[in-house]
Amino acid sequence: MCSNNTSTPLPAIVPAARKATAAVIFLRGLGDTRPVRPVTLTMNMAVPSWFDIIGLSPDSQGDESGIKQAAEKIKALIDQEVKNGTPSNGIILGGFSQGGTLYTALTT
C-alpha cells in the first residue's frame with residue numbers, strides 16, 4: 001500500500017508473491033511518507049519529517065522525544081511483520097538521513 005497523503009502516511013508495502021520468509025524495511029529521510037510537522041531547520045515550516053531537526057552542527061540539540069516516537073512506529077511495523085509470520089531474524093532494517101538515525105535508535 002502506498003500513499004501520497006501526508007496527513008495519513010502509510011508505508012509502501014510490496015506484497016509477497018507467496019508466503020514471506022523475509023522482509024526489508026528501508027527508512028528514508030525527509031519525504032512524502034512521513035508525518036507532517038514543523039521542523040526548526042526549515043524555519044518551522046511544516047514538512048514531512050520523522051522528527052524535528054534543530055540544527056546541523058555536531059553540538060546541535062537533538063529531538064530525542066521525536067526520535068523515540070518515530071522509533072516506536074517502526075517497532076510496531078516490525079511487530080506486525082512478525083505477527084504476519086515473518087521470522088524476526090529474517091527482517092532487514094536500513095535507512096539514510098533521518099531513516100539512518102531511526103535505524104541507529106532501533107538497533108542500539
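User: What separates lysine 75 and glutamate 72 in helix α1?

Analyst: Lysine 75 and glutamate 72 are three residues apart in helix α1, which means about one helical turn separates them; a helix here is a DSSP run of H or I with at least four residues, numbered from the N terminus. This is a predicted model, in which local features need pLDDT of at least 70, side-chain atom pairs count only at pLDDT 80 or more, and totals for chains, interfaces and linings use all residues. Residues are numbered from 1 along each chain as its sequence is written, and side-chain values use heavy atoms, with hydrogens and water left out.

User: Why is the contact of lysine 75 with glutamate 72 called a salt bridge?

Analyst: The term requires a side-chain nitrogen of Lys or Arg within 4 Å of a carboxyl oxygen of Asp or Glu. The closest N and O atoms of this pair are 3.4 Å apart, so the contact meets the definition.

User: What makes lysine 75 partly exposed?

Analyst: Buried means under 20% relative accessible area, exposed over 50%, and partly exposed in between, with a 1.4 Å probe and protein chains only. Lysine 75 has 37% and is therefore partly exposed, and glutamate 72, with 46%, is partly exposed too.

User: How do you know that glutamate 64 is exposed?

Analyst: Its relative accessible area is 53%, so glutamate 64 passes the cut-off for exposed. Glutamate 64 also forms a salt bridge with lysine 68, with the closest N and O atoms 3.2 Å apart.

Definitions and conventions. Helix = DSSP H or I, 4+ residues; strand = E, 2+ residues; numbered from the N terminus.
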